[in-house]
Amino acid sequence: MPGPSPFDTQEKRLRHAAQELEASFLAEMLKSAGFGEARDAFGGGAGEQHFASFMVDAHARNMAEKGGIGLAQSIYESLKGDTK
């Protein structure tokens with residue numbers, strides 16, 4: 001059975017790069033919106049503040065994996081067009 005073609009590998013790398021860029025964008029948007037910031041009612045202390053960025057990044061990555069806002073697809077199409 002033949003292995004994956006170089007084209008398939010290139011396509012997967014482009015899709016992954018596009019998805020990672022969308023996840024980074026979404027993380028910045030979530031941070032700007034205040035997602036993950038400590039609320040006064042719970043008062044999680046310093047630990048909550050330090051790990052909030054991990055939570056925001058995980059949510060953004062999950063959103064991008066589920067289709068996000070369509071940015072990854074647009075980026076992928078743009079990158080794919082440059083490789084032909």
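These notebook entries record what I looked up about charged side chains in a predicted model.

**Basis.** I number residues from 1 along each chain as its sequence is written, and I use heavy atoms for side-chain values, leaving out hydrogens and water. As the model is predicted, local features need pLDDT of at least 70 and side-chain atom pairs count only at pLDDT 80 or more, while totals for chains, interfaces and linings use all residues.

**Salt bridges.** I searched the whole structure for salt bridges (a side-chain nitrogen of Lys or Arg within 4 Å of a carboxyl oxygen of Asp or Glu) and found 4. One of them joins Arg61 to Glu20, with the closest N and O atoms 2.7 Å apart. This pair links distant parts of the chain, for Arg61 lies in helix H2 (residues 45-65) and Glu20 in helix H1, 41 residues apart. Helices here are DSSP runs (H or I, at least four residues), numbered from the N terminus.

**A network.** I then noted that Glu28, Lys31 and Asp57 are linked in a network of salt bridges. Glu28 meets Lys31 at 3.6 Å, N to O; the two are about one helical turn apart because they stand 3 residues apart in helix H1. Asp57 pairs with Lys31 at 3.9 Å between the closest N and O atoms.

**Glu22.** I asked which side chain of opposite charge is nearest to Glu22. For charge, Lys and Arg count as positive and Asp and Glu as negative; His and the chain ends are not counted. I found that the Glu22 side chain reaches the backbone nitrogen of Leu71 at 3.4 Å.

Key. Buried means under 20% relative accessible area, exposed over 50%, partly exposed in between (1.4 Å probe, protein chains only). A polar contact is a pair of N or O atoms within 3.5 Å; within protein, one must be able to donate a hydrogen and the other to accept it, and residues adjacent in sequence count only if both atoms are side-chain atoms.
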